[in-house]
Amino acid sequence: MSHLQTLLLDTLLGTKHVDSAALIKLQERSLCVASPGFSVMPSDVRTLVNGFAKNPLQTRREGLYFKEKDYKCVRADEYSLYAKNENTGVVVVKTHLYLLVATYTEGMYPSVCVEATEKLGEYLRKKGS
């Protein structure tokens, strides 16, 4: 298991409020690592990368289509995208090299998912990743 995958599992899934997580390489627009059973299709990678490429206001207005679901965008800025669909959601944090993706499902606390994902994103940015 790679260092990055261990980070995902320990810091995100370890909270019990993150259902699945992945790191996407920004330059290559490709999946780097993911939690077991979580596959991110190339079309989903494009959607997330484009969510940051657009004007944040436009992303908030349009929402996201991720993993065959429409999500309402509740936050979009230079480093973060938060989107929800009923009782599920996706949190995306941008670092220098990666997009950090975390999902939560019904029964999980979105605030814990957000906090854990943002803290890991901050850690990666400080490390230059």
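Q: What makes up the count of helices and strands in the chain?
A: The chain has four helices and seven strands, where helices are DSSP runs of H or I with at least four residues and strands are runs of E with at least two, numbered from the N terminus. Their order from the N terminus is α-β-β-α-α-β-β-β-β-β-α. The model is predicted: local features need pLDDT of at least 70, side-chain atom pairs count only at pLDDT 80 or more, and totals for chains, interfaces and linings use all residues. Residues are numbered from 1 along each chain as its sequence is written, and side-chain values use heavy atoms, leaving out hydrogens and water.

Q: Why does the radius of gyration of the chain agree with a compact globule?
A: The radius is taken over C-alpha atoms, and the globule rule is 2.2 Å times the number of residues to the power 0.38. For 129 residues a compact globule would have a value near 14 Å; the chain has 13 Å, and therefore agrees. Its C-alpha trace spans about 35 × 35 × 25 Å along the principal axes.

Q: Why does Pro36 count as exposed?
A: Exposed means over 50% relative accessible area, buried under 20%, and partly exposed in between (1.4 Å probe, protein chains only). Pro36 has 66% relative accessibility, so Pro36 counts as exposed. Pro36 lies in the loop between β2 (30-34) and α2 (42-53). Setting aside neighbours within four places in sequence, Pro36 is in contact with Gln5 and Leu9, contact being heavy atoms within 4.5 Å.

Q: What is the span of α4, and what is expected at 1.5 Å a residue?
A: The expected span of a helix is 1.5 Å times one less than its number of residues. With 17 residues, α4 reaches 24 Å from its first C-alpha to its last, close to the expected 24 Å.

Q: Which residues of α4 are buried, and what covers them?
A: Buried in α4 are Cys113, Val114, Ala116, Thr117, Glu118, Leu120, Gly121 and Leu124. The cover includes α1, β1 (20-25), β4 (69-76), β5 (80-85), β6 (88-94) and β7 (98-104).

Q: At what angle do α1 and α4 pack, and which residues meet?
A: Helix α1 (residues 3-12) and helix α4 (residues 110-126) pack at about 145°, with axes 10 Å apart. Axes are lines fitted to C-alpha atoms, for helices over the stretch in contact, and angles run from 0 to 180 degrees between N-to-C directions. From α1, Leu4, Leu7, Leu8, Thr11 and Leu12 meet Ala116, Thr117, Leu120, Tyr123 and Leu124 of α4.
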